[in-house]
Amino acid sequence: MLNPTKAVAALDTDFEPKIVAFLCKWCSSAGSDLAGVSRLQYPANAVPIQVMCSGSVSPMYILSAFKKGADGVLVSGCHPGDCHYMKGNFYARRRLYLVQKLLGFIGLEKERFRMSWVSAAEGVKYAQVVDDFVRDIKVLGPQRRLKARR
Amino acid sequence: MVKVEELRLHAAKLLEEGKVKGIIGYRRGTAGLYAEPCVIDRPVDAAALIWDPGCVSNLALYLVKDRKAQAASKTPDKRPLAVVAKGCDSRAVAVLLQENYFKRDEVVVLGVSCEGTGVIDQRKLAARLKGRSASKVEFDGADSFRVTIGKTESVVPATEIMADRCLECRAASPALHDTLYGEPVETRAYAQPFAAAKAAEAASEEERWAQWEHHFDRCLRCYACRSVCPMCYCPECVVDSTSIVITPETSAEEKASRVRWCERSAGSGESAMYHLTRAMHLAGRCVDCGECERVCPVNIPLRLLNTKLEMEAFEMFEYQAGDDITQASLLSSFRDEDPNAFVR
């Protein structure tokens, strides 16, 4: 008979984190595309969600992702100064800085929310960001704090 | 010293001259020493106005309520409304003006100074009285309150029964006012600004989560914090999602797939979503009037979430809510020097 405690332990060792990645259409999404067409090997844990601009990422998207059980949330946009809409990523930077501080304040592990600037030419950087993120989250294990229990 | 008599006379004069349609102020209610908010629209009633440390509520809320009532009314009364405002209330009015919720000439601010102290905390006073009930609390200089219990009057150090936010307050007299009663207070000698948020931050990550999980778990989702907040003026709150019109033609799929950011069940995950969203929506707008924490039936320290963001806004972006009605709001402005090191 299957021992339930052992089954859980076995699950934890080959835990594959689920990462929600909000990628801006103009830079990071194209960057992730480049990583793909360049056939770079990087973990397949990030679920990309294309948004029009990192500045359009509402804090509610991030909270909602955590609530629905995401182990990590990545928001990625154009480098400062390169925004397609001129200043969307500056707004995003200020707003998401506060989100990050707030999540840290209530005691969510600070590694779980990350922001990055990835341009359309930086396929390698995107692969690196996801690789680092997955590695860090594998150490932390599944996110249970903000996940809604059903 | 605030001369309440002057305030009453001025209020009566404003009403007599028809300059305002009403005065939002405090009067003696049925809740003992705690004043009740009231709207006065006859000059004779102005004699009921009071100002003492029991005037805890934030009256800016009633300006918002009036605004909503006028917007819904077929015959709106366009005359301005006067409001008795302490330091934090006047900051709330300033934020509402900054957001163009109403215009400067639609509100007359009768500023009252907190006399160097502040208002009392009901929980702290109740703990101190040990079951007895006080009938009156008065200002007594910059360090103490005079508390009357039965027929005996005693002087209580202000720091022992003052509300936490008053201890941390940086501007105890209303900066935005048309008339000011009492002397403006320049410096404050109590706790450091953001002392409570800094103390909460000092705990480890596990301890902080244990605390907040406990708080979120207890939340009843009565939304008292939202109802009492002068900044929560949206006609429809994002957590309610009531604007979907359900007709006989609405398919089950449409009903099921409407966006619900937050479920109504009061689980800790859903409550966390609600409170964090509220904190983010108040970032750079919260004036730290402490009303959310005061009305919470299960004593969740909601002020901490807001003051944490207030602290970040002040320290990283040099932004203070209600400081200047012409400044761009915190989240609709940026600077090139904003922190960038946290981004990879």
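In this predicted model, the buried residues of helix 3 of chain A pack against strand 1 (19-24), strand 3 (72-77), helix 4 and strand 4 of chain A, together with helix 11 (268-281) of chain B. Those buried residues are A:Pro59, A:Met60, A:Ile62, A:Leu63, A:Ser64, A:Ala65, A:Phe66 and A:Lys67. Because eight of the nine residues of helix 3 of chain A are buried, the helix is largely enclosed by the rest of the structure. Just after helix 3 of chain A comes A:Gly69, whose phi is positive, at about 100 degrees.

**The contact between the chains**

Across the interface, 32 residues of chain A are in contact with 31 residues of chain B. On the side of chain A that touches chain B, helix 3 (59-67), helix 4 (88-105) and strand 4 (113-117) of chain A each supply at least two residues. The most is given by helix 4 of chain A, with 12 residues. By class, this side of chain A has 17 nonpolar, four polar and 11 charged residues.

**The nonpolar core**

The largest nonpolar core has 141 residues, and those with the most contacts inside it are A:Leu102, B:Ala82, B:Val83, B:Val84 and B:Val93. Helix 4 of chain A provides the largest share of this core, nine residues. Since domain 1 (1-191) and domain 2 (194-325) of chain B both give residues to this core, the core lies between them. One of the residues with the most contacts inside the core is B:Val84; leaving aside its neighbours within four places in sequence, B:Val84 is in contact with B:Ile24, B:Gly25, B:Tyr26, B:Leu49, B:Trp51, B:Leu59, B:Leu110 and B:Val112.

In chain B, five strands form an open sheet in the order 2-1-3-4-8, and the pairing is mixed. Strand 2 (35-40) and strand 8 (179-181) of chain B stand at the edges, each with a single partner strand, so one side of each is left without a neighbour in the sheet. From one strand to the next, the twist averages 25 degrees. Strand 1 (residues 22-28) of chain B and strand 2 of chain B run antiparallel and are joined by six bridges, and here B:Ile23 stands opposite B:Ile40 in strand 2 of chain B.

Helix 2 of chain B packs on the sheet, where it touches strand 1, strand 2, strand 3 (81-85) and strand 4 (107-112) of chain B, and its direction makes about 160 degrees with that of strand 3 of chain B. Helix 2 (residues 60-72) of chain B also packs with helix 3 (residues 87-98) of chain B, at an angle of about 35 degrees and with the axes 8 Å apart. In this contact B:Ala60, B:Leu63 and B:Val64 in helix 2 of chain B meet B:Asp89, B:Ala92, B:Val93 and B:Leu96 in helix 3 of chain B. By class, the contact of these two helices has six nonpolar residues, no polar residues and one charged residue.

| Strand pair (chain B) | Sense | Bridges |
|---|---|---|
| strand 5 (residues 134-140) and strand 6 (residues 144-149) | antiparallel | six bridges |
| strand 6 and strand 7 (residues 152-157) | antiparallel | six bridges |

In the next pairing, B:Thr148 stands opposite B:Glu153 in strand 7 of chain B. The hairpin of strand 6 and strand 7 of chain B has two residues between the strands, and B:Gly150 takes a positive phi near 60 degrees there.

B:Ala256 has its place in helix 10 (residues 252-256) of chain B. Is B:Ala256 buried or exposed? B:Ala256 counts as exposed because it has 8 C-beta neighbours inside 10 Å, and a residue is exposed if 12 or fewer other C-beta atoms lie within 10 Å of its own. The C-alpha atoms of B:Ala256 and B:Val185 are separated by 55 Å, and these residues are 71 residues apart along the chain.

Notes. Residues are numbered from 1 along each chain as its sequence is written. Chains are lettered from A and ligands numbered from 1 in the order in which they are written. This is a predicted model: local features need pLDDT of at least 70, side-chain atom pairs count only at pLDDT 80 or more; totals for chains, interfaces and linings use all residues. Axes are lines fitted to C-alpha atoms, for helices over the stretch in contact, and angles run from 0 to 180 degrees between N-to-C directions. Helices (H or I, at least four residues) and strands (E, at least two) are DSSP runs, numbered from the N terminus. Two residues are in contact if their C-beta atoms, placed from the backbone, lie within 7 Å. Ala, Val, Leu, Ile, Met, Phe, Trp, Tyr, Cys and Pro count as nonpolar, Asp, Glu, Lys and Arg as charged, and the others, Gly among them, as polar. Two strands pair if DSSP finds at least two bridges between them. A residue is buried if 20 or more other C-beta atoms lie within 10 Å of its own, exposed if 12 or fewer, and partly exposed in between; C-beta atoms are placed from the backbone. A nonpolar core is a set of buried Ala, Val, Leu, Ile, Met, Phe, Trp, Tyr and Cys residues joined through C-beta atoms within 7 Å. Domain bounds come from an automatic or database domain assignment.
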